[in-house]
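Colleague: Could you walk me through how to read a fold like this one, from the overall picture down to single side chains?

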Amino acid sequence: MNITYMIGNGFDIALGLKTRYSDFMEYYHGLDKTNNPVLARFQDLIWKKHCDLWSCAEEAFGKEDWSGFDSVNTVKTFRECLLDFQREFESYLTNQWKRFALPDGDKGVDVARQFLDRMLHVERFMGGRFAREFRQSVLQSGIRLRIIVFNYTDILEQIWAEMPKRQDDNNIRTFDIVYDNRKMSIDIDRPCFVHGLLSRSKYLFGVDNTDQISDKVIKAECERVGTLIKPYMDVDSGLGYDETAKSLIDSSAMIVTFGLSFGMSDRVWWERLFQHVFGSGRGLVICPYYKEDRVVMNSGDAAMIDMQRALSEMFSSLKGDQKYKLDFSRNRLRNIRLLDDLEKDVGNGIKTRCDYFGLYELGKATVKDNGGGVK
């Protein structure tokens with residue numbers, strides 16, 4: 001049974017890292033750019049347009065009237081603003097990402113193993129028929145675990161690397177768990193980072209397609225050199241993230257989403273997920289994470305109206321496209337589970353949302369407190 005987790009920024013936030021877009025924007029807006037009038041003007045412009053989601057930044061670059069911003073040096077100004085934003089964004093996120101560190105030696109292995117074990121027991125939050133069918137499938141066919149990561153941090157790869165290598169394939173790790181009183185060996189593929197990694201200096205920041213770039217001059221420039229259009233950058237750089245991730249989605253019996261921002265700048269992935277859910281009828285589990293997911297509700301057993309609202313939010317970037325019509329018949333929703341997003345008290349006056357993967361405990365063991373700032 002192939003289970004694929006699609007992991008977004010809610011994962012890093014739940015660990016205790018200050019990786020919300022609003023965190024970065026407070027940092028960026030506070031930088032002194034007065035020695036460069038173009039950057040100072042841009043700094044104020046993007047501050048006024050920002051929201052809680054990283055996709056807001058990508059969409060802002062695509063929607064901006066750059067010719068109106070600078071009619072003489074339009075392309076030069078666009079490049080300068082984009083490079084400055086990306087440079088500062090890389091510096092900020094890198095310092096946040098470095099706050100994460102697994103303990104040395106066997107303790108680090110134990111922490112990683114405990115986290116992966118909790119990921120594979122996510123069915124305990126499903127309840128009822130869905131949990132029974134999930135458990136039965138696992139016991140009958142075992143698990144091949146895959147992870148698609150939308151973040152720029154390599155935290156999940158660090159965890160993956162702590163597991164023993166499979167002798168015949170260095171890109172697969174293996175570990176044992178006890179599932180329903182039965183010992184099982186689990187294969188886990190190397191995580192696929194669809195936007196690249198800061199640690200490898202190859203990451204993708206931009207829009208989903210050329211239609212998301214409003215300025216004709218900038219659109220022509222981006223089409224020519226591939227800048228700002230993520231699928232073009234993926235192909236031009238030879239990274240191959242897109243094709244790998246699409247293959248993982250297509251071959252999954254079940255997909256579990258956690259902490260994803262459902263923005264238009266990742267439209268290609270919501271198209272693929274739509275086909276997985278409504279085209280093949282395979283399983284989808286939605287684990288909401290507040291502030292990062294737009295889907296925030298106390299769903300209980302996911303009444304029909306709540307499920308419709310959740311899926312409508314998830315696929316909001318597909319609205320108006322005749323190819324993608326949401327079908328809310330009960331047969332279509334049978335293999336979809338929306339988990340609760342209930343706040344709970346974890347002690348010492350600290351409250352958190354439902355901790356599906358034990359991220360609160362993982363964060364306590366791995367995240368250094370440097371005040372959240374940039375050194």
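This is a predicted model: local features need pLDDT of at least 70, side-chain atom pairs count only at pLDDT 80 or more; totals for chains, interfaces and linings use all residues.

Modeller: For the inventory, the protein has 16 helices and 13 strands.

Colleague: What radius of gyration would a compact globule of 375 residues have, and what does the protein have?

Modeller: The idea is to set the computed value beside a rule for globules. A compact globule with 375 residues would come out near 21 Å, and the protein has 21 Å, so the two agree. Along the principal axes, the C-alpha trace spans about 70 × 50 × 45 Å.

Colleague: How much of the protein is buried?

Modeller: Buried residues account for 55% of the 375.

Colleague: Let's zoom in on a helix. Which residues of α3 are buried?

Modeller: Start with the geometry. Helix α3 runs over residues 37–49, and its 13 residues reach 19 Å from first C-alpha to last, close to the 18 Å expected. Leu 39, Ala 40, Phe 42, Gln 43 and Ile 46 are the buried ones. They cover an arc of only 165° around the axis, so they sit on the same side of α3. Pro 37 and Lys 48, on the other side, are exposed.

Colleague: What do the buried residues of α3 pack against?

Modeller: Their partners are α2 (21–29), α4 (54–63), α5 (66–69) and α6 (74–97).

Colleague: And which residue caps the N-terminal end of α3?

Modeller: That's Asn 36, which has a side-chain oxygen 3.1 Å from the backbone nitrogen of Val 38.

Colleague: Now a loop residue. Is Arg 99 buried or exposed?

Modeller: For this, check the relative accessible area against the cut-off: under 20% counts as buried. Arg 99 has 7%, so it is buried. Arg 99 belongs to the loop between α6 and α7 (105–120), and its side chain reaches the backbone oxygen of Gly 16 at 3.4 Å.

Colleague: One more loop: where is Ser 316 found?

Modeller: Ser 316 is in the loop between α14 (304–314) and α15 (330–333). A polar atom of the Ser 316 side chain lies 3.2 Å from the backbone oxygen of Glu 313. Ser 316 and Arg 272 are 44 residues apart in sequence, and their C-alpha atoms are 14 Å apart in space.

Conventions
Residues are numbered from 1 along each chain as its sequence is written. Side-chain values use heavy atoms; hydrogens and water are left out. Helices (H or I, at least four residues) and strands (E, at least two) are DSSP runs, numbered from the N terminus. The expected span of a helix is 1.5 Å times one less than its number of residues. Buried means under 20% relative accessible area, exposed over 50%, partly exposed in between (1.4 Å probe, protein chains only). The arc is that of the directions from the helix axis to the C-beta atoms. Contact means heavy atoms within 4.5 Å. A polar contact is a pair of N or O atoms within 3.5 Å; within protein, one must be able to donate a hydrogen and the other to accept it, and residues adjacent in sequence count only if both atoms are side-chain atoms. The radius of gyration is taken over C-alpha atoms; the globule rule is 2.2 Å times the number of residues to the power 0.38.
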